[in-house]
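Please open the model in your viewer and keep the sequence panel beside it, so that each selection below can be followed in turn.

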Amino acid sequence: MTAASFLARLLTLGGDSRITVPRGQNTNRYGASPHPRSTSGYSSSTANDISLAAFGHLDAMMPTWPESALSDPDFYAERLEALRGRLRQGWQLPHDTEIVFAPSGTDLEYVALALAGGPATNVLIDANEVGSGCILSAAGRYYAESSAVDDATPMHALVEGLEGTELVHLPMREPCGSPRSSASITRLIDKVAEDCRKAGRQCLVHMVYGSKTGLMLPHLADLDRIRGRHPDVRFVVDACQARIASPDLQGLLARGCMVLLTGSKFIGGPPFSGMAVMPADWAPRAPVAAGLGRIFRRGEWPASWSGCDRLPSGANPGLLLRLEAALFELERFLALDPADVEHVIASFGKHVSGFADRLGAGLL
């Protein structure tokens, strides 16, 4: 096996069945390839092909690793800690910002539940606008028959330690398809938050920042009003599409939100490279749920969080390489002149609008 083939193979490991490439095929189930391709890759919004530049970056980096790197938990934890530092620097985040890594945005749903500090009611807005497995992971259940740690997880079963999770689903749209107003969503959240307060439950509100159809509900002004009325409510912002600028990410963290991101969409890295970014006060006050040991490894959580010490050691070189490739792409993007970025976005919008007009579709 050549070095390039070995690298491509590693990029398909350490996730779940969605990332694997079936024998005799060149892409995973989303149409994404672990090899750079000279043609434009056609895949879902979940994934990209790895770029030639990022693949070359990894190919040049791997020979510098020690021979034990692929299985050394200490090396794995050290490299992930270095990635945390680069992410804080790139996005200009506070030095005490904490980051948890996971193969996918679906896995990141468990992070907020693990840090809730007690039985949680998870308000999910809207399951149709996020990954298909999130309806299970947000309810504290295994969403697949395997994970990056365990080859045989009981799909649909409750994760040990998250049995008290309650899921409340708030659709973003009316039955006719029109988006709900931010005010109506806010009233529903207020009601759930008050019920949680009376029942002594932690209320998590999972909102989407830049959904698959571009919606964001509730609006930030209403988020601030909810925080003022219900200071114990914690917000989890799904920004997994990564269509978010540094100032906006900073603003969400300043509001105390946990922000879920993936490196495989707008950022342009290979599929299955997720990160949960949060203020320091999300740190666990007690040991995390035992069942998370079937989903995460210790190095993927901050070293200073003693509540995570029950997680298994070990390494996931596939995840590390995918995160490294995603950060390589992010750093290239952040180095661009903002004026050039705005020009390209405006030009793209103009041409898309023109195309829609010619089709007679129009854009809202």
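Begin by selecting Gly105, Thr106, Asp107, Leu108, Glu109, Tyr110, Val111, Ala112, Leu113 and Ala114, which are the buried residues of helix 4; buried here means under 20% relative accessible area, exposed over 50%, and partly exposed in between, with a 1.4 Å probe and protein chains only. Helices (H or I, at least four residues) and strands (E, at least two) are DSSP runs numbered from the N terminus.

Before moving on, note that this is a predicted model, in which local features need pLDDT of at least 70 and side-chain atom pairs count only at pLDDT 80 or more, while totals for chains, interfaces and linings use all residues. Residues are numbered from 1 along each chain as its sequence is written, and side-chain values use heavy atoms, with hydrogens and water left out.

Next come some backbone features. Most residues other than glycine have a negative phi, and most peptide bonds are trans. Select Gln92, in the loop between helix 3 (73-91) and strand 1 (98-102), where phi is near 55°, a positive value in a residue other than glycine; Gln92 is exposed, with a relative accessible area of 60%. Then go to His156, in the loop between helix 5 (134-137) and strand 3 (166-169), which has a positive phi of about 80° although it is not a glycine, and which is partly exposed at a relative accessible area of 45%. Finally, select Leu217 and Pro218, which are joined by a cis peptide bond with omega about -5°; Pro218 sits in the loop between strand 5 (216-217) and helix 7 (220-229).

Now turn to the largest pocket, which holds about 550 Å³ of space. Of the 23 residues that line this pocket, those closest to its centre are Ile244, Ala245, Ser246, Phe333 and Leu334. A pocket is an open set of points on a 1 Å grid over the protein atoms alone, where a 1.4 Å probe fits, with protein on both sides within 12 Å along at least five of seven lines, and lining residues have an atom within 4 Å of a point. Helix 9 gives the most to the lining, with 5 residues.

Phe266 lies in the loop between strand 7 (258-262) and strand 8 (274-278).

Notes. Grid points are joined across faces, edges and corners, and a volume is the space filled by probe spheres set on the points.
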